[in-house]
Amino acid sequence: MTSNLLNHQIDDILESILTDASGDIYMVNPSRDAIEEFVGVATGFDGTLPTVHMLADERTLKEVMDDFIVASNAADLISEDALALRTLEEAPENSLVITEDRIVAIVHAGDRVGGLITDDESFVEDTYDTYAERWEAASTYNLRTPPISDVRETLSEEISPEAEADFTAILDSLETARGDGDGLDEVTISLLVAAKNEALLYDISKWGEDVGIASKATFSRTKTKLEDMGLIDTEKVPIDVGRPRLRLKIGDERLQEADNGQLATVAQSILN
């Protein structure tokens, strides 16, 4: 084995593999960090992506995909046939990336990462065939998060281009979007954007349900929480038939004064 990818970061190793691969790739038993890094590298990849068949531990996948930023970008890759997700029943000892002409074992040693490579033709061929068979027998991982490109496109069309720009700016300012104390979740972000642009609760919740972010009921519950905490306000808007609808508005003056880059930080500090 050769070790010509020692002392690289995991994203550098993955970028090298994607650049050099001539066919489909099997990514086997990746760590949580490796999955996140792969999605980031593949999303920003300048070139034609091969199809990556990712065989991963189901719990690890779920933990990673709880982050809307990672999951929505992964969904984009899936829609482009650049990524497919299935779950492992029995994981190998190492994390492997297998192409048609080489195998890279990803080895972590403290804060160092190495990509140990073999290109022995017979060994690579046997390993590739083995994991192709395991792939066929594996269960598909059902990623329910919508592709980020669909989210942005429909938000622009159904709410406003300004709302889409605000949504994108907030996501870009966050490292994670989980809603677990480390970041705002996608429903909270959507409601803050709607309030900033004074959209109707009906419109943003219908959009969110239609695109696959969350149900109208989830949007309603989250709106009530944010309203109770003073982050957003509502005002009734009469309609010709039926009950008045609610227009969302920013409630806390600290949010009113914040630009898009600060909005997430200020909202998170209030929520916590």
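Start by selecting helix α6 (residues 148-158) and helix α7 (residues 161-173), whose axes come within 7 Å and cross at roughly 145 degrees. Helices here are DSSP runs of H or I with at least four residues, strands are runs of E with at least two, and both are numbered from the N terminus. The axes are lines fitted to C-alpha atoms over the stretch in contact, with angles from 0 to 180 degrees between N-to-C directions.

Now show the side chains between these helices. On α6 the contact (heavy atoms within 4.5 Å) is made by Ile148, Val151, Arg152, Leu155 and Ser156, and on α7 by Pro161, Ala163, Glu164, Phe167, Thr168, Leu171 and Asp172.

The model is predicted: local features need pLDDT of at least 70 and side-chain atom pairs pLDDT 80 or more, while totals for chains, interfaces and linings use all residues. Residues are numbered from 1 along each chain as its sequence is written, and side-chain values use heavy atoms, leaving out hydrogens and water.

Next, look at the aromatic rings. The structure holds 4 aromatic pairs; rings of Phe, Tyr and Trp (its six-membered ring) pair if their centres lie within 6.5 Å, and planes under 30 degrees apart are stacked, over 60 edge-to-face, the rest tilted. Select Tyr26 and Trp135, an edge-to-face pair at 6.3 Å centre to centre with 70 degrees between the planes. Tyr26 is in strand β2 (residues 25-28) and Trp135 in helix α5 (residues 121-137), 109 residues apart. Both Tyr26 and Trp135 are buried, meaning under 20% relative accessible area, where over 50% is exposed and in between is partly exposed (1.4 Å probe, protein chains only).

Phe167 and Trp207 are both buried.

Then select Tyr202 and Arg245. Arg245 lies over the face of Tyr202, at 3.8 Å from the ring centre; a charge sits over a ring if NZ of Lys or CZ of Arg is within 6 Å of the ring centre and within 35 degrees of the ring normal.

Finally, zoom out and colour domain 1 (5-140) and domain 2 (148-271), with bounds from an automatic or database domain assignment. Their C-alpha centres lie 34 Å apart, and 11 residues of domain 1 are in contact with 12 residues of domain 2. The protein chain has 12 helices and 10 strands.
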